Amino acid sequence: MSTHHASTSTPNPVVFPERDHHPDAHPTPLPFTAPWTYELHFPCDPRSPGVARLTLRAVLAAHDLAALADRAELLTTELTTNSVRHTQGPASVRLHWLCPVLRVSVWDMSPDLPSLAPPPPVNMHADSGRGMVILDAVADRWGGCAIGEGVYGPGGKTMWFELSHGTQAPPPVPAA
């Protein structure tokens, strides 16, 4: 019977020249005006809109954009709930900041777009059907596009909205 012994030699360390000078150093936070993108993929599960809301709030708070959180959360909830309710597959939320505009896109596997025309009045006490009215009333801009299935993956659609920050002076970059 042969016995295999683990090697006692230490593997070569990975070298990060920019951090080797200060082992406790962290990267400098992005300036407020620098663009960034976060993306969350989620299953067709009724808990997914809640996960998307929590993620969105955390990202916006981390980037000093809490002023957009209430509107972004409401609209993201509407779009992610529609994705979970009306499709059978996975979906994703993408947050893209291009100062002073936040664009939130929700992709799902259904190619069926809601009407992109201004929504007609609806009964605000109805159980459903208010999503596009809310989107139209709260977003600074919104739209959607169908995506054909191709060699790079499934088709589906993307619905998006934009919110403008409205601040003239960006907040200072926090110290590292």
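This is a predicted model: local features need pLDDT of at least 70, side-chain atom pairs count only at pLDDT 80 or more; totals for chains, interfaces and linings use all residues.
Asp64 has a positive phi of about 55°, although it is not a glycine. The residue is partly exposed, because its relative accessible area is 39%, and buried would mean under 20%.

Now step back and look at the whole chain. The protein has 4 helices and 5 strands. If you follow the elements from the N terminus on, they run α-β-α-α-β-β-α-β-β. Of the 176 residues in the protein, buried ones make up 33%.

Next, let us go inside. In soluble globular proteins, nonpolar side chains tend to be buried together. Here the largest nonpolar core has 30 residues, and those with the most contacts inside it are Trp36, Leu60, Leu75, Leu95, Leu102, Leu135 and Phe161. Helices and strands both take part: the elements giving two or more residues to this core are β1 (36-42), α2 (48-62), α3 (69-86), β2 (91-98), β3 (101-108), α4 (131-138) and β5 (156-164). The largest share, 5 residues, comes from α3.

Setting aside its neighbours within four places in sequence, Leu60 is in contact with Trp36, Leu65, Ala66, Leu68, Ala69, Ala72 and Leu102.

Two packed helices are described by the angle between their axes and the distance between the axes. For α2 and α3, the angle is about 155° and the axes are 9 Å apart. Angles over 145 degrees count as roughly antiparallel, so α2 and α3 are roughly antiparallel to each other. The crossing in which α2 passes α3 is right-handed. On the α2 side, the contact is made by Ser48, Pro49, Ala52, Arg53, Leu56, Arg57 and Leu60. On the α3 side, the residues are Ala69, Asp70, Ala72, Glu73, Thr76, Thr77, Thr80, Thr81 and Val84. Sorted by class, this contact has 7 nonpolar, 5 polar and 4 charged residues.

Helix α3 has another partner, α4. These two pack at an angle of about 150°, with their axes 10 Å apart, which means that α3 is roughly antiparallel to α4. The crossing of α3 and α4 is left-handed. Here α3 contributes Arg71, Leu74, Leu75, Glu78, Leu79 and Asn82, while α4 contributes Gly131, Met132, Ile134, Leu135 and Val138. The residues of this contact divide into 7 nonpolar, 2 polar and 2 charged.

Let us move on to the strands, starting with Thr37 in β1. Thr37 is partly exposed, with a relative accessible area of 36%. Leaving aside its neighbours within four places in sequence, Thr37 is in contact with Arg94, Leu95 and His96. Thr37 and Leu98 are 61 residues apart in sequence, yet their C-alpha atoms are 9.1 Å apart in space.

A cis peptide bond joins Cys99 and Pro100, with omega about 10°. Pro100 sits in the loop between β2 and β3.

Our last stop is strand β5, which holds Lys157 and Thr158. Is Lys157 buried or exposed? At 8% relative accessibility, Lys157 counts as buried. Apart from neighbours within four places in sequence, Lys157 has contacts that include Val106, Trp107, Asp108, Cys145, Ala146 and Ile147. Its C-alpha atom is separated by 9.9 Å from that of Ser83, a residue 74 places away along the chain. Thr158 is buried too, with a relative accessible area of 15%. With neighbours within four places again left out, Thr158 is in contact with Ser105, Val106, Trp107, Gly143, Gly144, Cys145 and Ile147.

How values were computed:
Residues are numbered from 1 along each chain as its sequence is written. Side-chain values use heavy atoms; hydrogens and water are left out. A nonpolar core is a set of buried Ala, Val, Leu, Ile, Met, Phe, Trp, Tyr and Cys residues joined through side-chain atoms within 4.5 Å. Buried means under 20% relative accessible area, exposed over 50%, partly exposed in between (1.4 Å probe, protein chains only). Contact means heavy atoms within 4.5 Å. Axes are lines fitted to C-alpha atoms, for helices over the stretch in contact, and angles run from 0 to 180 degrees between N-to-C directions. Angles under 35 degrees count as roughly parallel, over 145 as roughly antiparallel, 65 to 115 as roughly perpendicular and the rest as oblique. A crossing is left-handed if the near helix is turned anticlockwise from the far one by less than a right angle, and right-handed if clockwise. Ala, Val, Leu, Ile, Met, Phe, Trp, Tyr, Cys and Pro count as nonpolar, Asp, Glu, Lys and Arg as charged, and the others, Gly among them, as polar.
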